[in-house]
Amino acid sequence: MNPTLQTLVQLPPQTHPSTQFPLITKCRTLAELKQVHAHMLKTAQIYDPLAAAELLRHVSLSPYRDLNYAASLFRGIPQRNCFSWNTIIRALSESSDHDDSVRAIALFVEMLCDDTVEPNQFTFPSVLKACAQSGRLDEGRQIQCMVVKKSLDSDEFVVSNLVRMYVLCRCMVEAHKIFSMRMVGRHNLDAFKKRRQEGDIVLWNVMVDGYVRTGDLVSAKELFDEMPRRSTVSWNVIISGYSQNGLFKEAIQAFQEMQQVQDGNLRPNFVTLVSILPAISRLGALELGKWVHLYAERNKIEINDVLGSALVDMYSKCGSIEKAIQVFRRLPRRNPITWNSIIGGLAMHGRARDALDYFHQMDKFEIPPTSVTYILVLTACSHGGLVPEGWSVFNRMVNVAQFELRLEHYCCMVDLLCRAGHLDEAEQLMINMPLEPDDVILKALLAGCKLHGNAEMGERVAKRLMELAPSDSGAYVALSNMFASAGDWEAVSEMRLKMKEMEIRKDPGCSWIEIDGIVHEFVVEDESHPRAQEIYSMLVEISDKLRLLGYRPNTSQVLLNVDEDEKETFLHYHSEKIAVAFGLISTGPQVPLRVVKNLRICEDCHESMKLISNAYNRRIVVRDRKRFHHFEAGSCSCGDYW
């Protein structure tokens, strides 16, 4: 027996149970607490409400807690005081298990039926949290009535949890009503005391988070701007809200505004960095990403598997795959997510062999591949044209790992086969799979038809895609392009008229480039930039240089019924070319240029980038919707296979 517990057992019978509190505190395992519990039962000291409550607190809330044992202990306490009830309800409400939240609510109802105790200001926050976690809105409303009846609607902690309950149940009207009443009461005070100020910040943060959760970023930002004072949590909520809802430029802008606030206590923390990195990744803002990495190192923020995965992903998507590999290798601990990050990064950069190598290394480190891992490896094979290797991975997933195949896995195989020109095999795989094809897999097959000029299959697939997703522009645009390639302009006109009637619009091409930490956005024929005149002068210079190198615009990519000159002009002002021109006039010689584009790069721009990299002695990295292209000395890393 533990020496401490031996001392406990030797206590004289007349010793008051309160003297056991230090001994309970010194317990470091559940087994030790169980010995204390056994002794208290044997000596009848369990009848002391204070001692029993203290033991229950440790069993319920310590790092080595056991909720089932805690519930059993609670049931065995003869005289349960309010502290004991609050402890067990709190412990259950803090569990991530839905059933535990329901148990917490049931215990609260049982507490109401106990004539010896009454709920207090410490009871309601926990039971409201349980209602929020389990989605029990009706019960939450009833509890609000009790809160008002007991005059606890002025308690910051109770009100914050009440608002949070409505927020998590997506009842923002009711949440805002309570919040507004609270703020009116606050503004009638002459001054805020620090403790109450902190309470108000929590309430503001809960409301902003609520609007973010429901996707109402406008209301979230309006409320955020009205906050009398903001904490790091406040900034984290708005930054992550923008990032998670696809407003990446706004997320970066908010992050940069946070740096400008003159408040010594306001500093980016672990959550801030994890929240902003996806936005940085999406826009390819490498310099800002480097700053975040350096900030974490200088401020001793642990680069664990979570932040490490985000950094690997950021470097990969910002075009610096070597730095991504370096960060990955330095991680003290790796999990499937970190492995997926590096394999996915290698896949995007067309380094299919390296991605396969890392995939096989997972066996060496006894890290089981996930369903996502297989998607990423198959994507790598697709970008590298590795058909036999792709089939090998696919068969391993089925026969060895025995995964239940998802549509994403079949889609990767269809894409792999289509890119390699095996259209019939791809179509047969889709037809024979046990799942109904979705729009994504049909688009992959349709893209293969367009790439290899199979108009017959393409028209068949496109019509099926239109039936499945009538509002998606992809099928209409692809079919229109195939008609245009065949010179059937009447069919093109009919298709575009149909799109107009159905109000279906093609996504416009858009490119981003980061210069001195600022992300600049360009669309086709963009003249809105302050330096537009200089940019267009550079585009003319680029065109003249490329013609001297033998370049001729690939007008077959312009699927419009216009003359050749107009087609050449249209190609001249694609968004990625405008971004590169801006990069050339904004940076010094030999500085690499990194461009992100929302659509697949066209063949003409791909050929142009190879020549520009050679003519201007620049390394140009372009990330399109599918992958990375590293242009250097007149060639591309993709080997013209994309």
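Which residues in α25 meet which residues in α26? I began my notebook with that contact, after noting what kind of model I had.

**The model.** I am reading a predicted model, in which local features need pLDDT of at least 70 and side-chain atom pairs count only at pLDDT 80 or more, while totals for chains, interfaces and linings use all residues. Residues are numbered from 1 along each chain as its sequence is written, and side-chain values use heavy atoms, with hydrogens and water left out.

**α25 and α26.** I found that Leu423, Ala426, Glu427 and Met430 in α25 meet Ile441, Leu442, Leu445, Gly448, Cys449 and His452 in α26, where contact means heavy atoms within 4.5 Å. I sorted the residues of this contact into 7 nonpolar, 2 polar and 1 charged, counting Ala, Val, Leu, Ile, Met, Phe, Trp, Tyr, Cys and Pro as nonpolar, Asp, Glu, Lys and Arg as charged, and the others, Gly among them, as polar. For the geometry, I noted that α25 (residues 423–432) and α26 (residues 439–452) pack at an angle of about 165°, with their axes 11 Å apart; the axes are lines fitted to C-alpha atoms over the stretch in contact, and angles run from 0 to 180 degrees between N-to-C directions. That makes α25 roughly antiparallel to α26, since the term covers angles over 145 degrees, with under 35 counting as roughly parallel, 65 to 115 as roughly perpendicular and the rest as oblique.

**α15 and α16.** I then looked up helix α15 (residues 248–260) and helix α16 (residues 270–283), which pack at an angle of about 135° with their axes 9 Å apart, and α15 and α16 are therefore oblique to each other. On the α15 side the contact includes Phe248, Ile252 and Phe255, and on the α16 side it includes Ile276, Ile280 and Leu283. The residues of this contact divide into 9 nonpolar, 1 polar and 2 charged.

**α32.** I checked the length of helix α32 (residues 575–586): at 1.5 Å a residue its 12 residues should span 16 Å, and its end C-alpha atoms are 16 Å apart, which agrees; the expected span is 1.5 Å times one less than the number of residues. I also noted that 10 of the 12 residues of α32 are buried, meaning under 20% relative accessible area, with exposed over 50% and partly exposed in between (1.4 Å probe, protein chains only). Among them are Ile578, Val580 and Phe582.

**The whole chain.** I ended with the protein chain, which has 33 helices and 6 strands, taken as DSSP runs numbered from the N terminus (helices H or I, at least four residues; strands E, at least two). Of its 642 residues, 51% count as buried.
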